[in-house]
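Subject: A structure for you to look at

Hi,

Here is the model I promised to pass on to you. Please open it next to this email and follow along as you read.

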Amino acid sequence: MDLAKHWRLKGARYRLEGQRNSATGEYRFPAQDAGQDPNWETVALSGRGEVWSFSVLRQVPSGFEEFAPYPVALIKLEEGPMLTAQLTDCSEEEISIGMPVEMVTRRLSDAGEDGLLVYGYKFRPVIE
Amino acid sequence: MNNVYIIGAAATPVAEHYNRTLVDLAREAFNKALNGIDPSRVGALYIGNALGGELAGQSNLGAAVASGLGLAGIEALRVEAAGASGGAALRQGYLAVASGAYDLVVVLGVEKVTDKLEEKVEASIALATDSDFEAANGVTLTSQWAMLMRRYLHEYGYEADALAPFPVNAHANGANNKGALYRFAINADKYRKAPMIASPLNMLDCSTAADGAAAVVLAAPHIASELGGARIRIAGSALASDSLALHARRDPLHFAAAQRSTAAALAQAELSLSDIDVLELTDPHGIAAAIALESCGFVERGQAARHAADGGISPTGSTPLATGGGYKARGDLLGASGVYQAVELVRQLQGEAGASQVADAKVAFAQCIGGVGTTAVTHIFVKEA
């Protein structure tokens with residue numbers, strides 16, 4: 001695990017920081033280089049959206065063994081952009097396409113050889 | 001640009017080659033493809049490989065393989081484009097001969113996977129995703145294909161087993177290929193009962209990564225005439241890219257890179273899709289073949305599953321696919337796959353494909369994809385009399 005790499009991503013990981021274009025109202029996540037367009041402003045996204053699709057992994061990559069099996073999803077945020085995240089606090093049977101979800105902050109992966117705890121966004125079903 | 005011919009093609013069997021190194025595998029494919037041509041005539045070596053550093057513990061593969069083949073001194077380098085590495089290497093070899101820089105080169109695809117445990121292999125393959133915003137969240141390529149599959153079934157109203165005809169066809173053909181990893185047939189009933197890997201993808205809809213090497217010899221027209229043998233012209237060659245992250249695309253069920261490289265390769269070849277007699281696609285899962293067939297334009301959006309169920313992808317169908325077993329039954333060679341595709345299509349164009357032979361095949365289409373639609377390389381091969 002690379003300390004500086006995770007530190008650089010703290011805005012996106014902890015606050016779901018993306019960008020809003022003040023001229024067009026368009027949102028994007030993650031933030032990109034604004035280039036020649038001065039209208040892209042950094043904003044924290046609401047963290048609300050719905051499941052566009054999902055899968056439950058049983059064959060998992062190294063670093064994620066302790067979570068297996070776990071669900072991942074493509075989530076369409078209410079501001080428009082889509083992102084990829086794990087779902088949490090729900091069983092496979094509860095998940096469906098279109099399900100409303102909200103962001104929570106959780107530990108993302110095993111501590112690894114250097115013991116670094118990496119936190120970031122996951123999504124859970126909206127609690128009514 | 002000069003015409004470029006494939007004058008030799010060969011591959012090792014796909015297997016868990018525990019007793020052989022990456023260079024051992026490369027040597028077998030190289031020698032078989034040269035088939036008696038003096039190795040000193042090889043001007044350059046292009047090596048398609050996705051994960052040599054991560055899985056074989058060896059990078060700098062140009063020098064590693066060239067010296068292992070006794071060719072130290074020649075131009076040799078690795079070409080990496082994840083799962084599209086083999087196709088990308090083929091394109092580099094093609095450009096080298098088409099430009100006149102060399103009149104004979106070898107394109108080698110090689111991957112050594114099975115020295116590592118499954119979790120390490122999954123994590124290494126996932127490096128082809130956006131590492132900060134996809135892999136960091138525990139996503140693998142298999143799970144991304146699974147999410148596309150679920151959405152595909154949802155949008156077009158298919159049942160859960162609608163994509164079974166793809167692996168069933170792949171296994172039926174793989175049973176006829178002596179070099180395939182899996183040489184047995186499966187059926188839709190077994191498919192329905194298979195355990196999940198990444199839902200809704202089950203074990204019989206997921207390829208197995210394995211070891212192997214494939215090689216093709218490319219030559220300028222005068223060398224092809226001098227040496228005789230196969231005479232397969234590379235009529236079209238194109239590579240296109242798309243956004244790295246799947247979630248960044250406005251229409252994830254359409255692969256713009258596949259469409260773009262197909263259009264460019266066909267335009268160069270002055271051919272249309274209806275001219276294609278046989279094809280190879282990146283088909284580790286049924287959904288991958290379905291999206292490619294639709295994105296390239298072989299069938300309408302949402303129709304690929306129906307097309308496959310109607311026999312459209314069998315050796316007697318309108319788009320014969322995976323005649324050597326595809327990624328599912330031949331085995332998934334990762335960065336070597338694009339060269340294995342070329343070897344299979346040469347076999348078809350030479351009329352040497354046995355029970356999976358497509359009758360009178362003259363024009364072949366190879367497309368390999370890296371990541372989930374991120375890089376697409378398309379080649380058109382034409383058999384000349």
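Let me begin with a term you will need: a salt bridge is a side-chain nitrogen of Lys or Arg within 4 Å of a carboxyl oxygen of Asp or Glu. This is a predicted model, in which local features need pLDDT of at least 70 and side-chain atom pairs count only at pLDDT 80 or more, while totals for chains, interfaces and linings use all residues. Residues are numbered from 1 along each chain as its sequence is written, chains are lettered from A and ligands numbered from 1 in the order in which they are written, and side-chain values use heavy atoms, with hydrogens and water left out.

**Salt bridges**

Over all chains, the structure holds 23 salt bridges. (The helices, H or I with at least four residues, and the strands, E with at least two, are DSSP runs numbered from the N terminus.)

Are these two partners buried or exposed? B:D211 is buried, with a relative accessible area of 0%, and B:K112 is buried too, at 2%. Here buried means under 20% relative accessible area, exposed means over 50%, and partly exposed is in between, with a 1.4 Å probe and protein chains only.

Next, look for B:E384 and B:R233, whose side chains meet in a salt bridge with an N to O distance of 2.6 Å. The two are 151 residues apart and link distant parts of the chain: B:E384 is in the segment after β11 (375-383), and B:R233 is in strand β8 (residues 232-241) of chain B. B:E384 is partly exposed at 23% relative accessibility, and B:R233 is partly exposed at 22%. Chain B also has a network, in which salt bridges that share partners join B:R20, B:E28 and B:K32.

In chain A, A:E92 forms a salt bridge with A:R58, and the closest N and O atoms are 3.1 Å apart. This pair also links distant parts of its chain, 34 residues apart: A:E92 is in the loop between β6 (82-86) and β7 (100-107), and A:R58 in the loop between β4 (48-57) and β5 (70-77). A:E92 counts as partly exposed at 27% relative accessibility, and A:R58 is partly exposed at 40%.

**Chain B as a whole**

Chain B has 14 helices and 11 strands. Its C-alpha atoms fill a box of roughly 55 × 45 × 40 Å along the principal axes. Of its 385 residues, 63% count as buried. Among the contacts (heavy atoms within 4.5 Å) in chain B with a separation of 6 or more, 77% are between residues 24 or more positions apart.

**Chain A as a whole**

Which elements does chain A contain, and in what pattern? There are two helices and eight strands, and along the sequence they follow the pattern α-α-β-β-β-β-β-β-β-β. The C-alpha trace of chain A spans about 45 × 35 × 25 Å along its principal axes. Buried residues make up 45% of the 128 residues in this chain. For contacts in chain A between residues at least 6 apart in sequence, 51% join residues at least 24 apart.

Finally, please find A:V51, which lies in strand β4 of chain A. A:V51 is buried, with a relative accessible area of 0%. Which residues is A:V51 in contact with, leaving aside its neighbours within four places in sequence? They are A:A73, A:L74, A:L87, A:S96, A:I97, A:G98, A:M99 and A:V101.

Enjoy exploring!

Best wishes
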